[in-house]
Amino acid sequence: MNKKTILSGIQATGNLTLGNYLGALNNWVEMQEEYDCYYMIADLHTLTIRNDPETLRKNTLELIALYVAAGLDPEKNTIFVQSHIPAHTQLSWVLNCYTYMGELNRMTQFKDKAAKHADNINSGLFTYPVLMAADILLYNADLVPVGEDQRQHLEITRDIAERFNSIYGETFKIPDAYIAKIGAKIMGLQNPTSKMSKSAPDPMDKILLTDTPDDIRKKFKKAVTDSENCVRYDREAKPGVSNLMGIYGIIKNKTMEEIEKEFEGQGYGTFKSAVAEAVVERLEPIQNKHNELLENPEKIKEIYEMGDQKAAEKANKLIKEVYKKVGLVI
Ligand code: TRP
């Protein structure tokens, strides 16, 4: 009964890709038996960029449905909406006062995003990692499954938690990042040296979770490879083929050596269509379940209300303790 606690979340920006699924959701599903899991929709984080309000609402509900469609059992996991639990913003404020400008200035994601949204470098974007620290620390998470790009945010979370603990005594559990070996980073199909991104301008570079089987087949057919025509794993020399092998390996639960053997002596044509079929086969039932849920908004509400309640119970206890420690009258 002494399960470790896991917390993770995805922003409600819509258009999730195969990279989000294989790098996050698919791993979460595997963790639900072994851990006490909290999976949230990071809708407050989404406010750091400009959104159309109706679209944000729609994306949030769709993402909850997707969590469940991908295989997360709402009874076994705590699936909740970040903005529904006021303790996230409450703790975030407190932690802001224990985080230095210099630390936040070093965040590479802030620098990247500031460059990308030069017309909207708001302070939410700057303090984004502090809200993320609050998300994690509120639930005493032991492990935080995230992509490689979030590693620095985990490190600052640990630094903030340690600083607070050293002033006020043991309050927060110090979390570890949990970065899956393969699947942590699915690369673009056209640019296999950069991460498959939902914001990539080229639609051929990414597989969206809403893509039809025909879209998926077409995109894999056109995926960039190399001229060797040999299915061999080598991230440096053969980034395109290696990425496809990574995708196939996760879905089929096969090692790179096994895949090399399976396709020995066969060209890229056969290999690519095998990868495409594996992806289609995996996504189709998820898409069906997703559509089914979207037709039943009451069910979606039931799911997040159940999760919200469980999350609030835990979070409210911790925020009270923090308020008390820093000297607020509670
Ligand atoms: N910043 C994360 C991302 O973009 C999303 C996120 C928000 C998150 N809060 C979190 C992930 C807490 C893990 C834990 O991927």
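Tutor: What follows goes through the ligand surroundings, a cavity and several individual residues. This is a predicted model, in which local features need pLDDT of at least 70 and side-chain atom pairs count only at pLDDT 80 or more, while totals for chains, interfaces and linings use all residues. Residues are numbered from 1 along each chain as its sequence is written, and side-chain values use heavy atoms, with hydrogens and water left out.

Student: OK, which residues come nearest to the ligand?

Tutor: Of the 14 residues around the ligand, those that come nearest are Met 40, His 45, Tyr 128, Asp 135 and Gln 150, where a residue counts as near if one of its heavy atoms lies within 4 Å of the molecule.

Student: And what polar side-chain atom distances to a ligand nitrogen does Tyr 128 show?

Tutor: A polar atom in the side chain of Tyr 128 lies 2.7 Å from a nitrogen atom of the ligand. For the side chain of Asp 135, an N or O atom is 2.7 Å from a ligand nitrogen, and for that of Gln 150 the distance is 3.1 Å. A polar contact is a pair of N or O atoms within 3.5 Å; within protein, one must be able to donate a hydrogen and the other to accept it, and residues adjacent in sequence count only if both atoms are side-chain atoms.

Student: Which side chain does His 88 join through a polar contact?

Tutor: The side chains of His 88 and Asp 135 are joined by a polar contact of 2.7 Å. His 88 sits in helix H4, residues 87-96, helices being DSSP runs of H or I with at least four residues and strands runs of E with at least two, numbered from the N terminus.

Student: Is His 88 buried or exposed?

Tutor: His 88 is buried, because its relative accessible area is 0%, and buried means under 20%, exposed over 50% and partly exposed in between, with a 1.4 Å probe and protein chains only. Its contacts, meaning heavy atoms within 4.5 Å, include Met 40, Phe 80, Leu 131 and Tyr 139, not counting residues up to four places away in sequence.

Student: Switching to Tyr 67, where is that one?

Tutor: Tyr 67 belongs to helix H3, residues 53-69, and is buried, with a relative accessible area of 0%. A polar atom of the Tyr 67 side chain lies 3.3 Å from the backbone nitrogen of Ile 10. Leaving out residues up to four places away in sequence, Tyr 67 touches Trp 28, Tyr 39, Met 40 and Ile 79, among others.

Student: What about Ile 6, which strand is that in?

Tutor: Ile 6 is found in strand E1, and counts as buried because its relative accessibility is 0%. Ile 6 and Asp 36 are 30 residues apart in sequence, yet 6.1 Å apart from C-alpha to C-alpha.

Student: Last one, which residues line the largest cavity?

Tutor: Its lining consists of Met 107, Gln 109, Phe 110, Lys 113, Leu 125, Tyr 128, Pro 129 and His 153. Helix H6 (108-116) and helix H7 (123-137) are the elements that give two or more residues to this lining.

Key:
On a 1 Å grid over the protein atoms alone, a cavity is a set of points where a 1.4 Å probe fits but cannot get out, and a pocket is an open set with protein on both sides within 12 Å along at least five of seven lines; lining residues have an atom within 4 Å of a point.
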